[in-house]
Amino acid sequence: MSTKWQADAPSNIALIKYMGKKDAALNIPTNASLSLTLPHLRSFVELEVNEEPYDLWQPLTYLDYAPLKLSEPQQQRFIEHLQLIKEHLSFNGNFIVRSGNNFPSAAGLASSASSFAALTQCACLAISDLTDKEPLNIYQKAQLSQRGSGSSCRSFMYPWTLWTPENIQEVHFPITDLSHLSVLIDTSEKKISSTQAQQMVKTSPHFKERPKRAEQRLAQLLHVLNDQNWQEAYQIVKEEFLDMHQLFHTSKKPFQYINEQSVEIIDLIETYWTESKDGPLITMDAGPNVHLIFRSDQNSIKHKLQKELNSRGYDVI
Ligand code: PMV
């Protein structure tokens, strides 16, 4: 009988954002979100049976990058999710859980989605092996993962995931093989985590109408992606992330992730679109880094922009 299990899971980037919770204990979102799965940005988790009567986190050491550093509260949150899965599956053994990412941990990229998805995958695998219980299906695992980190439930499907307050489903559009670049602006730990941001946005006067705006944009975006109208998609996706950041700027205690460099890149992409009548989609999460999404026929645009960004001193992954 094996005593070690491994699993990995991709990150995802939302084009219609999950911002605000209907139920904070279960991470039920206020509005539906739509995300693109990012297979090149992955988290890895290893579980080993622990003979001691507790669960324990350690960094994975076999990945290319420096071992992941998790603060005490981050380790605690990860372990608590493992315990929730154990409880859900009526399992009372203990594990040493090791985790890491295939991207630099200082990159400031949202790694909670991929790491909670990988932990859920790995724990379900280990427990079904140890107990001979019927394994959960993808949908059940995504739902379980949602309870640890809301956005992680979108990392179980491919290429797109539509997550509504009631459901998690895989979506396909006629435009396939999209690629993604992250422009790294600030790699230090964020002062306000996305979990805190989810709480704070509720105090913005713009929050009340936010679900309506998000649902309208979602309907429009689904429509234009089906129609392959990339330029409209650019406009909707840009409006959407700026809407989310506006909530941050107008919360009772305002906070801000967009900085001078983020603005420089937003402007660079806007100018590119104006001059070329084509370009990448652009979005930002709860952080200063900028995400660009390209169609598969936009390789030369991608290389040109990547060169331009590098010449301005930005790291791009
Ligand atoms: O899953 P959380 O609570 O870390 O929320 C993530 C929210 C955003 O990344 C800002 C947007 C999204 O939909 O991923």
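**A close look at strand S11**

Guide: A hairpin of six residues links S10 to S11. This is a predicted model, in which local features need pLDDT of at least 70, side-chain atom pairs count only at pLDDT 80 or more, and totals for chains, interfaces and linings use all residues. Residues are numbered from 1 along each chain as its sequence is written, and side-chain values use heavy atoms, with hydrogens and water left out.

Helices (H or I, at least four residues) and strands (E, at least two) are DSSP runs, numbered from the N terminus. Two strands pair if DSSP finds at least two bridges between them.

Start with S10, residues 281-283. S10 and S11 pair in the antiparallel sense, over three bridges. Here Ile-282 stands opposite Leu-292 of S11.

Now take S9, residues 179-184. S9 and S11 are also antiparallel, with five bridges. Leu-181 has Leu-292 as its bridge partner in S11.

Next, the cover. S11 spans residues 290-294, and five of its five residues are buried. Buried means under 20% relative accessible area, exposed over 50%, and partly exposed in between (1.4 Å probe, protein chains only). Look at the two faces. One side carries Val-290, Leu-292 and Phe-294. The other carries His-291 and Ile-293. Both faces are covered.
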